[in-house]
Amino acid sequence: MKVQGADVKDMKLAAAGQDLIDWAAREMPVLNVIRLRFAKEQPLKGHRLSACLHVTSETANLMLTLQAGGADLSLCASNPLSTNDAVAAALASTHGVKTFAIRGEDNDTYYQHIEAALDHHPAMTMDDGADLVSVLHKTREAQVGEVVGGTEETTTGVIRLRAMADRGVLRYPIIAVNEADTKHMFDNRYGTGQSTIDGIVRATNVLLAGKKFVIAGYGWVGRGLASRAKGHGADVIVTEVDSVKALEAVMDGFRVMKMDEAARSGDIFVTVTGDVNVLDRAHFAAMKDGAILANSGHFNSEINLKALDDMATSVRQVRPNVQEYRLQDGRRLHVLAEGRLINLAAAEGHPAAVMDMSFANQALCAEYIAKHAGKLERRVYDVPDEIDAEVARLKLASMGVAIDTLTEEQKRYLTSWEEGT
Ligand SMILES: NC(=O)c1ccc[n+]([C@@H]2O[C@H](COP(=O)([O-])OP(=O)(O)OC[C@H]3O[C@@H](n4cnc5c(N)ncnc54)[C@H](O)[C@@H]3O)[C@@H](O)[C@H]2O)c1
């Protein structure tokens, strides 16, 4: 099937979608400041941009900011379960964004939608997980040369893109938005931390207090999730493969152990590693009856569902977003949201207030790429420090928080070496 124009669930949902977009905008003051400036300065005028992002109300606000800056947009989903159909309808029908995204789309449709977004012939890409860039490089050899640069939103995408750059196959520069301090310190930690709990609770309605809550991975997401689960009274256990991160978890007051051991006692398991088969056959064999398994890492690769399916005598849906796998000995394991990002599948993704900063970085990086078109190398760049600082400055201003500035004397002192005790 070749998809043209737009492919969303139902255009009649547009008015409801607009309400959601407006609601999110109230918590996105930084993006709003950028949008007003973009409308005046038109930094993206004449640029075709294709984005592959979670199609949420926050993403819609980013699209409207890019559009205000003059960009001609297409958008597809970066996950089959994260689309808000009403928002997609509003973008497609009210705002003229070529939108290709339907919540619950199957794998084939997911990739058809990526192809449709690429049929837009972008000069810039905006990705979350690097599927768009990967398809473009694998199947559209002739078209890649049209792209002057791109951005990437998440840890997993940055890892994939660095692998492409290391192997010499990346054909255009990418700015790793995830690497901005104003992105991962807030989005990954506070955004995913809160929304992952939200997704688990909405899907199951379990009480977290007193539960053994096992978190695989103590990176930015794992740290945020651990502190929030602790705040709910859960007994948090961390598993890691990195000794420094594991040590940090111990000193933050969490028990750290191997997953083989944690599997025996955990009530709720959440993977946030960006890795593969972190919960595997041997762990399923050891888990307690009723254990809950969720993933908030980017891909649905962290829970080995194929192995679990092999081990199960029956599988049934017991609630929306909850699949019960019954094992031979009668134990039941509950997998949430098919092992896909629980915070987007069962809740609404990150609160707008953190996406405000992530997407402010996206918008300013798109402007940076347009300004530096043709001058950047084919590699993965960090977000320029001045963009990171500008996003933090605008966010603080929007919160009414003032900070001190260095005096001339302090500047001199901090850049000198002569003065000691
Ligand atoms: N759900 C969301 O909305 C959302 C938001 C941001 C990031 N993410 C995704 O979450 C994942 C983690 O992101 P991050 O920023 O915390 O990354 P990170 O690199 O900071 O942390 C990942 C951690 O997992 C550990 N790890 C790797 N393999 C492991 C294994 N087998 N067992 C235990 N630990 C293991 C690593 O040592 C590392 O400390 C990525 O896939 C990222 O794309 C999701």
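This is a predicted model: local features need pLDDT of at least 70, side-chain atom pairs count only at pLDDT 80 or more; totals for chains, interfaces and linings use all residues.
View 1. The shell around the ligand holds 25 residues, and the nearest of them are Thr154, Thr156, Asn188, Val221 and Glu240. By type, the shell divides into 15 polar, six nonpolar and four charged residues. As you look around the ligand, try to find each of the five nearest residues by name: Thr154, Thr156, Asn188, Val221 and Glu240.

View 2. Start with Glu240, where an N or O atom of the side chain lies 2.5 Å from an oxygen atom of the ligand. At Thr156, the distance from a side-chain N or O atom to a ligand oxygen is 2.6 Å. Trp220 takes part through its backbone instead: one of its polar backbone atoms is 3.1 Å from an oxygen atom of the ligand. How much of the ligand does the protein bury? Taken alone, the ligand exposes 860 Å², and the protein buries 87% of that.

View 3. The ligand takes up the space of the largest pocket.

**View 4. An open sheet of eight strands.** Follow the strands across the sheet in the order S9-S8-S7-S10-S11-S14-S13-S12, and you will find that their pairing is mixed. Why is one side of S9 and of S12 left without a neighbour in the sheet? Strand S9 (255–256) and strand S12 (312–319) stand at the edges and each has a single partner strand, so one side of each has no neighbour there. To spot a bridge for yourself, look for Ile237 and its partner in S9, Arg255.

How values were computed:
Residues are numbered from 1 along each chain as its sequence is written. Side-chain values use heavy atoms; hydrogens and water are left out. A residue is near a molecule or strand if one of its heavy atoms lies within 4 Å of it. A polar contact is a pair of N or O atoms within 3.5 Å; within protein, one must be able to donate a hydrogen and the other to accept it, and residues adjacent in sequence count only if both atoms are side-chain atoms. Accessible areas come from the Shrake-Rupley method with a 1.4 Å probe; for residues, only the protein chains shown count as cover. On a 1 Å grid over the protein atoms alone, a cavity is a set of points where a 1.4 Å probe fits but cannot get out, and a pocket is an open set with protein on both sides within 12 Å along at least five of seven lines; lining residues have an atom within 4 Å of a point. A molecule sits in a cavity or pocket if more than half of its atoms lie within 2 Å of its grid points. Ala, Val, Leu, Ile, Met, Phe, Trp, Tyr, Cys and Pro count as nonpolar, Asp, Glu, Lys and Arg as charged, and the others, Gly among them, as polar. Two strands pair if DSSP finds at least two bridges between them. Helices (H or I, at least four residues) and strands (E, at least two) are DSSP runs, numbered from the N terminus.
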